[in-house]
Amino acid sequence: MKRPRRQRKAAKKHLVEAEAWDDEVDEPQETSADEPDETGWKTSTAQMAGLSRLVRAGVWVLVVSGPVLGALAFLSSSAPAQGAAKPVATATPASPVGPAGFAELFVAAYLQAGQGTERDLAPYYSGSVALAVKPGTRTATQSTVIASREVQPGYWSITVAADVTAHDDKGKSTRLGVQYFRVGIQATGPAGAGGTAQGAAPAGYVATSLPAQVAAPAALKPGGLAYETDRGSSSADPSVETARGFLAAYLTGTTELDRYTSPGTRLQPISPAPYAAVKVTGVQDDSSGSGQQKVPADGTVLHQLVQVDATDQAGSPVSLSYALTLKSRAGRWEVASVDDAPAIRASSPPSAAPHTTTSPDAATASDSPSPSHS
């Protein structure tokens, strides 16, 4: 009589478990070697025994390799990544601001000093000084630094432009024009102060000699501007009228600025208003053609250079130039920006120009440039 299927499956399960733990069991005699189970697969005692040995071997491999794999994982996590970029320390460039300001003060004191007042130069230059000029014979009415170069770490060559005025014994003053003086300045302290120290070291400066008067830098003629079309000041030109209205509102505050500007611009009038009236004397732009009676399609951009005579609150006229960018919208021109500088033509560098010289008597009308305060 055949044994029920449930009993035959229980006997097979018991045989596999016993083989995995090296137990000896009695194989059921009634099980046929080629008898299929209820899944339809044929199994044998030899096949089941081999499977149990394979499982047992895999378990031991996992047990033995566990510590090794753990150690490898620990080492790989603690080791630095080979592909990670290491930060590279960059040196902070030395700043010329401190040495330049010190040189400018030194030149002003040097021009003012004279015989008997050499001690006024002690804060700047500690060498022996004997001046032959009378004190107060020359003064710098304006001065500014026009060049600075680090000769070696912590040592600077500074060129100062000074607008010099001479004074005689009778109190008469004569403007000598702009003169140029070069000074050697040593600096201590961190790079931000022009020195070479690391950390928060105190800054200090000293001149290595008296100033040396040098030649003026090369005079230049500017390159060609990009405004090649002359519009004049005709009120029939819509772009000229926009420039006129905008600059009047910008400089006098008599009308709203928004009516002349593109949406989204953040231009504000000068406050308090420096001028009482503005007259446009000429307009140039970068458009083509001689006429601009009609406003072109929306989004068209126009660059203008506008010359104006503005009358200040005391009634004096002042000539000014403004570079504007206009954009068309809804059949009208609007100011999109007041440009930082007039536009120049591409590949139009400045060219050399001869210096203009004048006699001391005509110094007040000299063509020498007048530097601004630094």
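Two strands count as paired if DSSP finds at least two bridges between them. On that basis, the predicted model shows strand E9 joined to strand E10 (residues 317-329) by 11 bridges, and glutamine 304 stands opposite leucine 324 of E10. The protein chain contains 4 helices and 12 strands.

**Strands E8, E9 and E10**
- Strand E8 (residues 275-285) and strand E9 (residues 301-312) run antiparallel and are joined by 9 bridges.
- Tyrosine 275 has aspartate 312 of E9 opposite it.
- Strands E9 and E10 likewise run antiparallel.
- The hairpin of E9 and E10 has 4 residues between the strands, and glycine 315 in this hairpin adopts a positive phi near 95°.

**Threonine 159**
- Threonine 159 is a residue of strand E2 (residues 155-167).
- Its relative accessibility is 8%, so threonine 159 counts as buried, the cut-off being under 20%.
- Not counting residues up to four places away in sequence, threonine 159 touches Thr144, Val145, Ile146, Ala147, Phe181, Arg182 and Val214.

**The chain as a whole**
- The protein chain has 374 residues, of which 29% count as buried.
- Considering contacts between residues at least 6 apart in sequence, 60% join residues at least 24 apart.

Notes: Residues are numbered from 1 along each chain as its sequence is written. This is a predicted model: local features need pLDDT of at least 70, side-chain atom pairs count only at pLDDT 80 or more; totals for chains, interfaces and linings use all residues. Side-chain values use heavy atoms; hydrogens and water are left out. Helices (H or I, at least four residues) and strands (E, at least two) are DSSP runs, numbered from the N terminus. Buried means under 20% relative accessible area, exposed over 50%, partly exposed in between (1.4 Å probe, protein chains only). Contact means heavy atoms within 4.5 Å.
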